[in-house]
Amino acid sequence: MIKLMAIDIDGTLLNDNQQISPSNIESITQLLLSGVYIVLCSGRATGGMEHIARELDLYSYENALLASFNGTCITHAKSNTELFSWELSPQDVQVINQLSIDFDIPVIFNTRAHHIINYRYCDHEFIKKKIKNRADIQYVPDGDINRLDRVLKASLVVESTKLEKYLLELHFSGIVRDFHSTRSEPWLLEISVLNSGKGAALHYLSNALNIKNSEIASIGNQENDIPMLTHADFSFAVGNATDAVKSHARYITSTNNQSGVSEAIRILSNLSLLAF
């Protein structure tokens with residue numbers, strides 16, 4: 001029987017209009033009422049997940065959790081209690097900031113409360129193009145960047161073709177290899193502590209809750225979802241997922257615009273893996 005389901009948000013739970021379909025809401029509510037743990041897993045900040053959690057009424061349930069910042073911060077929704085986190089050290093931040101300078105790539109450092117960028121990138125055109133909500137960004141000088149602490153992840157924002165090239169460079173790849181790195185978008189390389197990420201978040205929760213991999217389902221669409229798909233025996237990729245993600249999934253559902261999450265839950269029910 002399934003005891004925990006991990007669900008990615010953008011491109012999976014949400015459709016292209018950033019909405020949750022009534023079918024997805026109804027299916028997730030059924031899981032919650034039956035006692036299945038629901039874990040929303042996202043690259044978003046915890047605060048950026050709140051309106052989605054409220055729409056799903058997660059704050060009313062003991063069995064609802066948020067794995068934010070690409071899984072590096074795990075929060076119990078109802079009590080708003082942080083259960084575990086993986087933080088970059090100040091030395092890690094300095095290394096990543098220098099990498100950003102060496103390759104002239106804007107990097108966003110994410111703390112629990114702020115999105116912070118080096119002031120040198122305040123007018124960067126690609127940031128303006130790709131980061132829609134820039135009101136939450138704080139621009140600070142090099143010296144202040146190098147004094148940051150409690151950073152959960154760093155996001156390198158760069159054209160996908162350039163990123164592909166940089167990942168082949170020895171200097172760039174050698175530094176990135178010392179961290180957990182993954183792409184939540186083709187143009188966004190997210191860096192966090194080695195052995196962190198969405199898969200590590202599921203590993204932590206499965207141990208804490210005494211849940212086996214055979215009792216876990218997960219669903220996603222992008223590269224950063226692959227670790228949580230491989231951790232779950234019942235893994236799903238929505239129809240709009242990348243080919244790489246689909247290759248790691250046991251089942252392929254309809255797209256995020258066609259309530260793929262609801263379909264995954266329906267498949268689990270048809271397999272007699274749910275208690276309803």
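This is a predicted model: local features need pLDDT of at least 70, side-chain atom pairs count only at pLDDT 80 or more; totals for chains, interfaces and linings use all residues.
Biologist: Which residues are buried in helix α3?
Modeller: Buried means under 20% relative accessible area, exposed over 50%, and partly exposed in between (1.4 Å probe, protein chains only). In α3, residues 46-55, the buried ones are T46, M49, I52 and A53. They sit on the same side of α3, because they cover an arc of only 110° around the axis; the arc is taken from the directions from the helix axis to the C-beta atoms.

Biologist: What covers the buried residues of α3?
Modeller: The cover includes α1 (9-13), β2 (37-41), β3 (64-68) and β4 (73-76). Contact here means heavy atoms within 4.5 Å.

Biologist: How many residues are in the largest nonpolar core?
Modeller: In soluble globular proteins, nonpolar side chains tend to be buried together. A nonpolar core is a set of buried Ala, Val, Leu, Ile, Met, Phe, Trp, Tyr and Cys residues joined through side-chain atoms within 4.5 Å. The largest one here has 41 residues, and L4, V39, L88, I96, F109, L156 and F172 have the most contacts inside it. Take F109: leaving aside residues up to four places away in sequence, F109 touches residues including V93, I96, H114, I116, L148 and K153. There's also a second, separate core of 39 residues, with I7, L32, L40 and L273 among them.

Biologist: How many aromatic pairs are there?
Modeller: Rings of Phe, Tyr and Trp (its six-membered ring) pair if their centres lie within 6.5 Å; planes under 30 degrees apart are stacked, over 60 edge-to-face, and the rest tilted. That rule gives 6 aromatic pairs. One of them is F84 with W86, edge-to-face at 4.8 Å centre to centre and 75° between the planes. F84 is partly exposed at 33% relative accessibility, whereas W86 is buried at 14%. Y166 and F172 make a tilted pair, because their centres are 5.7 Å apart and their planes are at 35°. Y166 is buried at 14%, and F172 is buried at 0%. Ring pairs also join F84, W86 and Y204 into a cluster.

Biologist: How many salt bridges are there?
Modeller: A salt bridge needs a side-chain nitrogen of Lys or Arg within 4 Å of a carboxyl oxygen of Asp or Glu. The count is 11 salt bridges. In one, D8 meets K198 at 3.0 Å, N to O. D8 lies in strand β1 (residues 4-8) and K198 in helix α9 (residues 198-209), so this pair links distant parts of the chain, 190 residues apart. Both D8 and K198 are buried.

Biologist: Which residues are linked in a network of salt bridges?
Modeller: E82, E87, R112 and R150 are. Within it, the closest N and O atoms of E82 and R112 are 2.9 Å apart. E82 is partly exposed at 35% relative accessibility, and R112 is partly exposed at 28%.

How values were computed. Residues are numbered from 1 along each chain as its sequence is written. Side-chain values use heavy atoms; hydrogens and water are left out. Helices (H or I, at least four residues) and strands (E, at least two) are DSSP runs, numbered from the N terminus.
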